[in-house]
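Student: Could you walk me through this model, one question at a time?
Tutor: Gladly, have a look at it here.

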Amino acid sequence: MITFSISLVALVLGYFLYGRVVERIVSPDNRITPAVGKADGMDYVVLPEWKVFMIQFLNIAGTGPIFGAIMGAKFGPSAYLWIVLGCIFAGAVHDYLSGMLSMRNGGVGLPEIVGKYLGINAKRVMLVFSVLLLILVGSVFVYSPAEILKTMWGTSAFWVMAIFLYYVLATLLPVDKIIGRIYPLFAFSLLFMALALMVCLFIKMPNLPELWDGIGNMGAEKLGMTDNIFPCLFITVACGAVSGFHATQSPLMARCVVNEHQGRPIFYGAMITEGIVALIWATVSMYFFYNDPVPGYSTLAGVEEGLHTSAPAVVNIICNDWLGIVGGILALLGVVAAPITSGDTAFRGARLIIADFLGLEQKKMSRRLLICIPLFLVSLAFLLWQIENPDGFNVVWQYFGWANQTLAVITLWTITVWMAKEGKPYIAVLIPAVFMTAVCSTFVFVSKQALGLEGYVGYAMGCAVTLMVMVWFFSWKIRYKG
C-alpha cells in the first residue's frame, strides 16, 4: 500500500505541477471559442464546466481504466510506474493538447488537425484509420454489454437492438439532449465506485507487492504469462496511461468549452482522474492476485478460475464482496454503462470527423442522416459478423489495443510538430512520442498477435523504426528552420 499511496499523491501533484507547466506552454487566453463563435445548438453548444468535465471523463474512460488496469496488474508493480508516469507526462499532455489544438482550429476533429501539421496524405490516412477505429469501438461496445445484460433479462438480439437504437439517437440528437443529461450521472457512479474501493483498501490495508520487490513480470511465474513487459504492458494499460482514442473524443468537448482557461481542468484533469481510477483498480487487482500471504481470490466467494479470473469477473466479485448490494449496482454500471457511453460518442465522433472532411454542416437532420445512414450500415454489417463468429469479439479486441496506441503515436507527433513550428519547448511531447513509437513498432515485430519474431531481432527492428521516425522529425525541423 506504500507504493499505491505514493502513486496517488504523485498523480494529484502531477495535475497541479506538471499540468501547470504544460498550460503555460499553451498560454490559454480569452479568445472566442468554437462553442461561442460557431454555436449551432447541435454539436457546438456551451455547457457548464463541471458537466463538460464529467462528459469528457466518461468519454475517455469507458471500461479502459478498469479492465486495462486489472489485466496490467497481472504484470506486478510495474503497472504502477506506467500508470503514474504515463498519465502525467504522456496521456494528460496528449489529451489536453489535442483538445486545445481542436479548440484553436474551430473545433475540428483529429484528421483535420493531423492534416494541417503533417500534410494531406497523413490526413487521409488518419481519416480512414480513425473512422474505422471508432466504428470498431462502437460495434464492440454494442455486443459486449448486450451479452452481459442478457444474463439478467431478455436475449442478446433484444439488447443489441436496444443499445444500437440508443446509439442512433445519441449520434443524431444535440449533445445537450441525451449525452449532456445522462453522462454526469454515469460518471458520478464510476467515481463513487472508485472512491468507495479506495476507502476499502485503506481500511483493509492489504499486504501488496511494492516497487522495491521488483518490476519484472510477476505474472510469468504465477500466471504463466509469456508476454514481455515491454511492449505488452504499455499496450494493455492504455486508457489509464495514454490512449489514442482520447484524441478523437477531446474535440467533441472542445466544441462545448466557453473559455480556454477551462482546458486544463477539463482535458488534463479528466485524464488524471482516469489515471486515479486505473490506479485504484490496479491496486484492487494486486490484492486479488498477489496479496501476501493469502491472495484475495482464495478468500472471496464466486472465484472459479483463481489467478486466471477474467477482468469483468474481478469487477463483479470485488464490488459485490466489498460494497454489497450497492457494489453490485455500481459494478453493473461499470461493466455495462461505461462501454455503452464510449460507444455512442465513438459514433458521434465518426460523424463529425466525416462531416469535417466533406465540409458538411451538421445543423440540419438531413445532413446528419447523409453521414449516419452509411455509417450505421457498415457498423451493422460488422456487428453481424461479430455475432456469427464465435471468436469474433476476441479477434477484434486483440488488435484494438495496438490500433489505439498507434493513434496516440500519430497524435503525439502531430502535437510535437505544432510545438516546433510555434517555437515552443517540444521536448515535453517529443519524449512520449518517441517512447510510444518504440512501443507500437516493437509490438508489431515481437507480439505473437503480429509477426512474433524471435529473440532480439524484433526489438532491433522496433528500435530501427523508432530511429527512422526520429531522423524524419529532426530532418524536417532543420529544413523548416532553414
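This is a predicted model: local features need pLDDT of at least 70, side-chain atom pairs count only at pLDDT 80 or more; totals for chains, interfaces and linings use all residues.

Tutor: Residues are numbered from 1 along each chain as its sequence is written, and side-chain values use heavy atoms, with hydrogens and water left out.

Student: How many salt bridges does the structure hold?
Tutor: A salt bridge here is a side-chain nitrogen of Lys or Arg within 4 Å of a carboxyl oxygen of Asp or Glu. By that rule, the number of salt bridges in the structure is 10.

Student: Which residue meets E260 in a salt bridge?
Tutor: E260 lies in the loop between α13 and α14, and its partner sits in the loop between α2 (18–26) and α3 (34–37), so the pair ties together parts that are 229 residues apart in sequence. Helices here are DSSP runs (H or I, at least four residues), numbered from the N terminus. With 3.3 Å from N to O, the partner of E260 is R31.

Student: Are E260 and R31 buried or partly exposed?
Tutor: Buried means under 20% relative accessible area, exposed over 50%, and partly exposed in between (1.4 Å probe, protein chains only). At 1% relative accessibility, E260 counts as buried. R31, at 40%, counts as partly exposed.

Student: Which residues are linked with R31 and E260 in a network of salt bridges?
Tutor: The E260 and R31 side chains meet in a salt bridge. The network also takes in two further names, D29 and R104.

Student: Which residue forms a salt bridge with R348?
Tutor: R348 is in helix α15, and its partner is in the loop between α3 and α4, 305 residues apart. Both residues of the pair are buried. With the closest N and O atoms 2.9 Å apart, the partner is D43.

Student: How many residues apart in sequence are the parts that D356 and R255 tie together?
Tutor: D356 and R255 form a salt bridge, their closest N and O atoms being 3.2 Å apart. D356 is partly exposed, with a relative accessible area of 22%, while R255 is buried at 3%. Since D356 lies in helix α15 and R255 in the loop between α13 and α14, the separation is 101 residues.

Student: Which helix gives the largest share of the lining of the largest cavity?
Tutor: On a 1 Å grid over the protein atoms alone, a cavity is a set of points where a 1.4 Å probe fits but cannot get out, and lining residues have an atom within 4 Å of a point. The largest cavity holds about 50 Å³ of space, a volume being the space filled by probe spheres set on the points, which are joined across faces, edges and corners. Its lining includes D43, R255 and R348. The largest share, three residues, comes from α15.

Student: Which helix gives the most to the lining of the second largest cavity?
Tutor: About 30 Å³ of space lies in the second largest cavity. S98, L101, L110, I113, T411, T414 and I415 line it, and α6 (78–104), α7 (110–118) and α17 (392–421) each supply at least two residues. With three residues, the helix that gives the most is α17.

Student: Which residues lie nearest the centre of the second largest pocket?
Tutor: A pocket is an open set of grid points with protein on both sides within 12 Å along at least five of seven lines. The second largest pocket has a volume of about 400 Å³. Of its 17 lining residues, those nearest the centre are V409, I410, W413, T437 and V469.

Student: Where does α14 bend by about 35°?
Tutor: In α14, 27 of the 28 residues are buried, so the helix is largely enclosed by the rest of the structure. The bend at a residue is the angle between axes fitted to the seven residues ending there and the seven starting there. For α14, the bend of about 35° is at G269.

Student: How far apart are the end C-alpha atoms of α19?
Tutor: The expected span of a helix is 1.5 Å times one less than its number of residues. The 27 residues of α19 should therefore span 39 Å, and this agrees with the distance between its end C-alpha atoms, 41 Å.
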